[in-house]
Every structure is written in C-alpha cells, then in structure tokens.
Amino acid sequence: MHMAIHDNTHIFERMKAGEIIRMDDPQFHFVDEIVSRTLKLSVGLNASTDINQSRERLSDIIGSPIDNSTTVFVPFFTNFGKFIKIGKHVFINHACSFLDMGGITLEDHVLIGPKVNLITENHPLESKERRSLISKPILIKRNAWIGAAATILPGVTIGENAVVAAGAVVTSDVPDNTVVGGVPAKILKHLEHNAHL
C-alpha cells in the first residue's frame, strides 16, 4: 500500500492549499468524521419545515451562524459543510449541491438558482492516483447570480454582479459585470456597472 508522504500540516490546511490528499493519508479520519457528522445533520436540514429552521440547521453544519437576511430552500446537499461561508442577503434555491472541501464563499447579495452545483473537489487524471482528492476554492462575489442547474468547477471565482446562465458549466474565472453561458461557459455580454446595493 502506498503511504502518503507529507509534513505535519493538518489535513484541512493541505486540502485548502490544493495538495493531493490520498485516501491512505494518516489524517484522513478527520475528513471522515466531518463527513459522517454532516450526513447525519443533513437529514434534519432537509426535513426542515420553514426557512428559520433550515437556516439554523445549515448554520450547525457549516459551524457559523447564517444571517437572518439569508434564505436557504431545502433540499440542500453538502458532503462536508465546514468550509462553506455565506454572506448576508443571499438566496439559495431548491436542490443545490455544495461540495466544499476546497472552500466555498458566497458574498453578500448572491443569488443561487435551483439545482446549482458548486464543486471544489477534483481527482488526478492519472489512473493510479484517481481516488485521491485535489480541492480548490470557489468564490462567488457580491451580487452575482448563478442560474438554474449551472455547475461551477474547482478554483473558479465568479465576479461581482456577474450572471451565469442556466445550465452553464463554468471552468474558469468570470469577470465582474459579465454574463456567461454555455459548456464550457464563455462571455456572452458585458453589463453596465450598477452599484446601488
């Protein structure tokens, strides 16, 4: 069995730094513990019967309070949860999936459409290493709007006021004040800057 070689840096810091994390990593049990806890808490989250309840239960999963101005519709899916940060006046529609081992940040006034996938995790192409994880953060800046069923891939930043069209697959950074769409997403138009929020 291949043993992971690494320094004494905690596995969460190495995940956030984008290092390859192997399943035989001696610290992988820390990841498993969070995943197990999140799976258990997700049952309660997705049984929520009002917005306050879903906000409280998701706050418990992510480990920090979600502002009362933010709305999260269930079902909501995450595999980890601890690396999600959600700002104020954020709206997250039904059936979104946040795979956040690399870190997901939603700044204030972000709109997330239904069935959006934010994926911070990837695997090496090399077949022998493919079960290892490589994680890179996703940042969605202030007042961005992610359309229904769009997918944002690891390491992508969505710019301020940007719009991602429904069904787009975003593989690279999106500039401020632009609309992107397609697979892979490309710039479709530029928006006039509007700083009223």
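Analyst: Let's start with pairing: two strands pair if DSSP finds at least two bridges between them. Strands (E, at least two residues) and helices (H or I, at least four) are DSSP runs, numbered from the N terminus. This is a predicted model, where local features need pLDDT of at least 70, side-chain atom pairs count only at pLDDT 80 or more, and totals for chains, interfaces and linings use all residues. Residues are numbered from 1 along each chain as its sequence is written, and side-chain values use heavy atoms, without hydrogens and water.

User: Thanks! What order do the strands of the open sheet have?

Analyst: In general, strands of a sheet pair through backbone hydrogen bonds, either parallel or antiparallel. Here, 5 strands form an open sheet with parallel pairing, in the order E2-E5-E8-E13-E16. E2 and strand E16 (169-170) stand at the edges with a single partner strand each, so one side of each has no neighbour in the sheet.

User: Which residues of E5 stand opposite Phe76 and Thr78?

Analyst: Phe76 faces Cys96, and Thr78 faces Phe98. E2 and E5 (residues 96-99) are parallel and share 3 bridges. On to the next pair: E5 and E8 (residues 117-119) also run parallel, joined by 3 bridges. There, Ser97 has Asn117 in E8 as its bridge partner.

User: Which residues is Asn79 in contact with?

Analyst: Contact means heavy atoms within 4.5 Å. Leaving aside neighbours within four places in sequence, the contacts of Asn79 include Val35, Thr38, Asp100 and Glu121. Asp100 is 21 residues from Asn79 in sequence, while their C-alpha atoms are 7.3 Å apart. Val35 and Thr38 are also among the buried residues of helix H2, and E2 is one of the elements covering the buried residues of that helix.

User: Which side chain makes a polar contact with the side chain of Asn79?

Analyst: A polar contact is a pair of N or O atoms within 3.5 Å; within protein, one must be able to donate a hydrogen and the other to accept it, and residues adjacent in sequence count only if both atoms are side-chain atoms. The partner is the side chain of Glu121, at 3.0 Å. Glu121 sits in strand E9 (residues 121-122), and a polar atom of its side chain lies 3.3 Å from the backbone nitrogen of Asp100.

User: How far from Glu121 is the nearest side chain of opposite charge?

Analyst: A salt bridge puts a side-chain nitrogen of Lys or Arg within 4 Å of a carboxyl oxygen of Asp or Glu. Lys and Arg count as positive, Asp and Glu as negative; His and the chain ends are not counted. For buried Glu121, the nearest opposite charge is Arg131, 12 Å away, and Glu121 has no salt bridge.

User: How many salt bridges does the rule give?

Analyst: The count comes to 4. One of them joins Asp25 and Arg14, with their closest N and O atoms 2.8 Å apart. Asp25 is in the loop between H1 and H2, and Arg14 is in helix H1, 11 residues apart. Both are buried. Another joins Asp60 and Arg37 at 3.0 Å. Asp60 lies in helix H3 and Arg37 in helix H2, so this pair ties together parts 23 residues apart in sequence. Asp60 is partly exposed at 40%, as is Arg37 at 31%.

Terms used:
Buried means under 20% relative accessible area, exposed over 50%, partly exposed in between (1.4 Å probe, protein chains only).
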